[in-house]
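Subject: Structure for you to look at

Hello,

Here is the structure I promised, with my notes below. Please open it and follow along.

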Amino acid sequence: MKKYMVAAFLAILVAVMIAFPPEAEQHEKIYVPYTVYAGDTLSDICIRLAEQYGDERDWREIVYYASEQNGKPRYLQPGDKLVIELLVERGGQIENEKSR
């Protein structure tokens, strides 16, 4: 009897998973190269790029990951090369690059 109950439960579980599959991830990570100019701060750069590419996370989170990824730069100098990681909607990156 237990075997039939377990089998029935598993069949129901499989049917529910087939009827309501998990949604695919709607965001993807992109890495945006950036060259520092005089007067730039990491916060300003991250806020500007997040607005441009549509990253909806809090700017402090973006700054934290940018700092970690770029070796925690204490001071930015003009000409420094940074890579900023952003989360954008799938396909949104292509649209933004076409509009530039």
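What covers the buried residues of α3? Helices (H or I, at least four residues) and strands (E, at least two) are DSSP runs, numbered from the N terminus. The buried residues of α3 are I62, V63, A66 and S67. Seen down the axis of α3, they fall within an arc of 135 degrees, so they line one face of the helix. That arc is taken from the directions from the helix axis to the C-beta atoms. An α-helix has 3.6 residues a turn, so residues three or four places apart point the same way. Buried means under 20% relative accessible area, exposed over 50%, and partly exposed in between (1.4 Å probe, protein chains only).

A word on the source. This is a predicted model: local features need pLDDT of at least 70, side-chain atom pairs count only at pLDDT 80 or more, and totals for chains, interfaces and linings use all residues. Residues are numbered from 1 along each chain as its sequence is written, and side-chain values use heavy atoms, with hydrogens and water left out.

Now the overall layout. The chain has four helices and two strands. Along the sequence, they follow the pattern α-β-α-α-β-α. Of the 100 residues in the chain, 24% are buried.

After α3 comes G71, with a positive phi near 75 degrees. K72 sits in the loop between α3 (59–69) and β2 (81–89). K72 is not a glycine, yet its phi is positive too, at about 50 degrees. With 54% relative accessibility, K72 counts as exposed. K72 also forms a salt bridge with E68, the closest N and O atoms being 3.3 Å apart. A salt bridge is a side-chain nitrogen of Lys or Arg within 4 Å of a carboxyl oxygen of Asp or Glu. E68 is partly exposed, at 37% relative accessibility.

How many salt bridges are there by this rule? The count comes to five. One of them joins R48 and D40 (3.6 Å, N to O). R48 is partly exposed at 37%, whereas D40 is buried at 15%. Another joins D58 and R60 (2.8 Å, N to O). D58 is partly exposed at 35%, and R60 is exposed at 52%. D55, R57 and E61 are linked in a network of salt bridges.

Best wishes
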